[in-house]
Amino acid sequence: MHTELEQGERLAALLRSLPEQTLGPYDWSEFRRRAHERAALGQRIGEGRRVAAVVVIAVAVCAGAIRWVESGPRPAAPPAAAPRVDEASAERYLASLPHEPAVVRVGTRAAVATLEDHIALVDDLLSAERVERAPPARLLALQHERSELISSLVQVRYAEALADESR
Amino acid sequence: MNRHSLLCAWIVALVACGAAASCRPSIALGDPLPAASPGDTHTASEADLEAQLEAARKQLEAAAHQVAELTAQLSRPVIEKFMALGDDPDRAIIGVQLDPAGDPQGARVREVSPGGPAAEAGIRAGDVIVAVNDTAVKGDDAARQVVDLMRNVKPDSKVRVRVLRDGKPRDFTVVARAGLGYLLADGPITMPGPELLPHVRAPLMLRGPLTDLELVTLSPQLGRYFGSDSGVLVVHAPGDGALKLEDGDVILAIDGRRPTSGSHATRILASYQPGEKLTLHIVRLHKTLDVEATVPERPHHRGVMLRGHRAASV
């Protein structure tokens, strides 16, 4: 026991006498500082990656929609029912959005305005056609057009909201 | 190396490996201390991410633009069919679908166009229109009466609409927008890319440096700070010095038209053709001044001719 104690003290003395260069690259406080820094960087990068991923997914969805619009054969006579999107939920989604984003980016807003004006025009035409008791096929054609416009408006407003949130 | 140093080094190495495994540049053992080169690693990775994010935003905006433009193009033939059957191309629109079934009290609103003039004014589906511009509408053909009254409304004019909501009267002012003549304006424009889609009409579409312009509707607090109680704040001026705007300017009027929101300013700006001159009445550094500017050209596009009046919806 006594010998072990002496050996321990000798070893401690030897360690204390080691030159400064053999100490660790930095002390505990420096280690903690670096660890905090890494954690903060990781968090920022993680957030950035998530936002970038969401934006890329949204671009892919929009690109898919464009391809569909460009390549898909449009029916000569639109279907009587079941528009491509659930129009009621699409309109609920649109109603849930603020009138405009906090920061209006003019390019995207102009796209939104184009669609909104087309929808307003179709709605007024529908009113006029209904009071004139237009044939159902004409009303259906307009209704179908409205569904398409609403569907596109949802996509464009979604893109706008996403871009606004990522700022 | 003593045990304490060894343990520290080992832990630091583990942390560094963990960070490296997440495919991100990190501060590893043996890196120079931040004090020696402060924030270099941060700046590099964040700048790279910001560049990627900005590129993704641009793609997103371009995709949104194309969706809107192609949809508008595809809806054109259908709308034109209705034009051909005698609809006045210069009629104004308010964006409501009326229920043709008679209501003893007035014309029931079946749908309100999202983002349309009626929606902006506050009219909702289910409201019953009882008067338009002080002319009462009621009875079995109330919807027809509203449609007929709207035929006399000119774009940009204010329409007083009285409705019954839950049995109580409410008054709204709807600013009518230009309809067919504007949206189906003559003049082909070309789409970006190799294809040339003929006869695309999208008069509200903006291109070029103006698309980068960012605006904020002025709140009273912001207004006090920037020295104006109305207008829209330019938070990001368009590139290339377009419109001679600067960050921090407040747009009070565009050729006399006073924008009430960022959307409104967008509609006003989009009603100009490339090359047209306009006067911006602005506040810059608490001083009011007029700026003469020219609407920049749209890359890859020729101008869209508007029929009749400058449209719209402004």
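Ser127(A), Ala128(A) and Val131(A), which lie in helix 4 of chain A, meet Ala143(B), Arg144(B) and Val147(B) of helix 4 of chain B. The model used in these exercises is a predicted one.

**Exercise 1.** Classify the contact of helix 4 of chain A with helix 4 of chain B by residue class, and describe how the two helices cross.

*Solution.* 
1. The residues of this contact divide into 4 nonpolar, 1 polar and 1 charged.
2. An angle over 145 would count as roughly antiparallel, and 65 to 115 as roughly perpendicular. The two helices are therefore oblique to each other.
3. The crossing of helix 4 of chain A and helix 4 of chain B is left-handed.

**Exercise 2.** Determine the strand order of the open sheet of 6 strands and identify its edge strands.

*Solution.* 
1. The order is 1(A)-9(B)-10(B)-11(B)-12(B)-13(B), and the pairing is antiparallel.
2. Strand 1 of chain A and strand 13 of chain B (287-294) are the edge strands, each pairing on one side only.
3. Strand 13 of chain B pairs with strand 12 of chain B (residues 277-284) in the antiparallel sense over 8 bridges.

**Exercise 3.** Decide whether helix 7 of chain B is enclosed by the rest of the structure, and state what covers its buried residues.

*Solution.* 
1. In helix 7 of chain B (residues 262-270), 9 of the 9 residues are buried, so this helix is largely enclosed by the rest of the structure.
2. Among the buried residues are His264(B), Ala265(B) and Ile268(B).
3. The cover includes strand 1 and helix 4 of chain A, along with strands 9, 10 and 11 of chain B.

**Exercise 4.** Describe the packing of helix 4 of chain A against helix 7 of chain B.

*Solution.* 
1. The axes are 9 Å apart and the packing angle is about 80 degrees.
2. Helix 4 of chain A and helix 7 of chain B are therefore roughly perpendicular to each other.
3. Helix 4 of chain A contributes Val106(A), Arg109(A), Ala110(A) and Ala113(A). The residues from helix 7 of chain B include Gly262(B), Thr266(B) and Leu269(B).
4. By class, this contact has 5 nonpolar, 3 polar and 2 charged residues.

Conventions
Residues numbered from 1 in each chain as written. Chains lettered and ligands numbered in written order. Predicted model: local features only at pLDDT ≥ 70, side-chain atom pairs only at ≥ 80, totals over all residues. Axes fitted to C-alpha atoms, helices over the stretch in contact; angles between N-to-C directions. Helix = DSSP H or I, 4+ residues; strand = E, 2+ residues; numbered from the N terminus. Parallel < 35°, antiparallel > 145°, perpendicular 65-115°, else oblique. Left-handed = near helix turned anticlockwise from the far one by under 90°. Contact = placed C-beta atoms within 7 Å. Nonpolar A, V, L, I, M, F, W, Y, C, P; charged D, E, K, R; others polar. Buried ≥ 20, exposed ≤ 12 C-beta atoms within 10 Å, placed from the backbone. Pairing = 2+ DSSP bridges.
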